[in-house]
Amino acid sequence: MQPRVTTSTLLKMKQEGKKITALTAYDFPFASYLDKAGIEIILVGDSLGMVVQGKENTLSVTMDESIYHTAMVSRACKYSMVIGDMPFMSYQGSLDRAVENAGRFLKEAGATAVKLEGGADVCPVISALAKAGIPVQAHIGLTPQSVHQMGGFKVQRDEERLLKDARDVENAGAFSVVLEGIPSPISAKITQTLNIPTIGIGAGSGCDGQILVLHDMLGINDRFLPKFVKKYADIAKIAGQGLESYIKEVKEGSFPSDEYEYK
Ligand code: KIV
């Protein structure tokens with residue numbers, strides 16, 4: 001069996017020019033598929049608010065919900081690194097609260113690291129967590145928790161600010177950074193500038209790795225998909241077909257047939 005992915009594995013992959021694969025997962029069965037397939041990073045994203053809980057955005061996801069889902073994912077993983085996503089308002093109030101909440105992901109949910117959104121503004125939090133021995137993945141560019149401040153989910157194009165945010169989170173102690181909704185030339189430049197690995201989503205091919213929301217890329221639900229999502233499977237369609245067959249067979253009495261009955 002391959003040794004478990006660590007922050008050093010990811011750094012080495014960047015140095016050797018090997019691409020890093022990442023996806024989100026929120027429960028045991030899907031996390032098992034990802035772990036067995038050899039995905040390096042599983043993020044238990046607060047996107048769970050949208051793709052699992054059916055909400056408009058990620059803002060209402062709570063610490064307890066995130067811990068609950070992260071623990072299910074961790075139980076399934078022997079190879080992948082599990083990262084817990086810090087919910088909106090779980091790290092903004094005070095540094096002590098941020099450390100306490102981040103610590104819960106490692107102590108109660110079996111995660112290796114946490115992710116949080118923001119650039120220069122959240123550097124004091126990143127430093128405090130790093131000092132407490134908690135690996136932090138930063139997340140800059142289109143940061144969904146700031147949807148109201150950004151006036152919607154919008155591509156971010158301020159190159160100077162993005163480069164500064166990227167340098168600042170690296171200097172604050174982040175081991176990696178997610179680049180979301182950033183034009184490809186800018187994310188390629190950030191990737192070349194930083195020593196830590198960049199993981200892109202809607203940020204082009206110049207990043208050190210890629211992440212997508214699992215429910216989007218496997219077609220688990222049929223919500224609107226942004227331009228950057230490639231659909232690798234259509235699970236909603238396959239599930240619909242299976243359900244239609246079941247309903248038909250129960251109604252016409254052909255299920256259960258002999259082979260599914262106890263004698
Ligand atoms: O919550 C999430 O799933 C994320 C990824 C899209 C990076 O933050």
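1. Which pocket is the largest? The largest pocket is the space taken by the ligand. A pocket here is an open set of points on a 1 Å grid over the protein atoms alone, with protein on both sides within 12 Å along at least five of seven lines. A molecule sits in a pocket if more than half of its atoms lie within 2 Å of its grid points.

2. This is a predicted model, in which local features need pLDDT of at least 70 and side-chain atom pairs count only at pLDDT 80 or more, while totals for chains, interfaces and linings use all residues. Residues are numbered from 1 along each chain as its sequence is written, and side-chain values use heavy atoms, with hydrogens and water left out.

3. The residues surrounding the ligand are Thr24, Leu43, Gly45, Asp46, Ser47, Asp85, Lys115, His139, Ile201 and Val213. A residue is near a molecule if one of its heavy atoms lies within 4 Å of it.

4. For Ser47, a polar side-chain atom is 2.5 Å from a ligand oxygen. For Asp46, an N or O atom of the side chain is 3.0 Å from one, and for Lys115 a polar side-chain atom is 3.1 Å from one. The ligand taken alone exposes 260 Å², of which the protein buries 96%; these accessible areas come from the Shrake-Rupley method with a 1.4 Å probe.

5. There are three aromatic pairs in the structure. The ring centres of Phe255 and Tyr260 are 5.6 Å apart and the ring planes stand at 55°, so this pair is tilted. Rings of Phe, Tyr and Trp (its six-membered ring) pair if their centres lie within 6.5 Å; planes under 30 degrees apart count as stacked, over 60 as edge-to-face and the rest as tilted. Ring pairs join Tyr246, Phe255 and Tyr260 into a cluster.

6. Buried means under 20% relative accessible area, exposed over 50%, and partly exposed in between (1.4 Å probe, protein chains only).

7. The structure holds zero disulfides (pairs of cysteine sulfur atoms within 2.5 Å). Cys123 is in no disulfide, and its nearest cysteine sulfur, that of Cys207, is 19 Å away. Cys207 is likewise in no disulfide. Cys123 counts as buried at 12% relative accessibility, and Cys207 is buried with a relative accessible area of 1%.

Conventions: A polar contact is a pair of N or O atoms within 3.5 Å; within protein, one must be able to donate a hydrogen and the other to accept it, and residues adjacent in sequence count only if both atoms are side-chain atoms. On a 1 Å grid over the protein atoms alone, a cavity is a set of points where a 1.4 Å probe fits but cannot get out, and a pocket is an open set with protein on both sides within 12 Å along at least five of seven lines; lining residues have an atom within 4 Å of a point.
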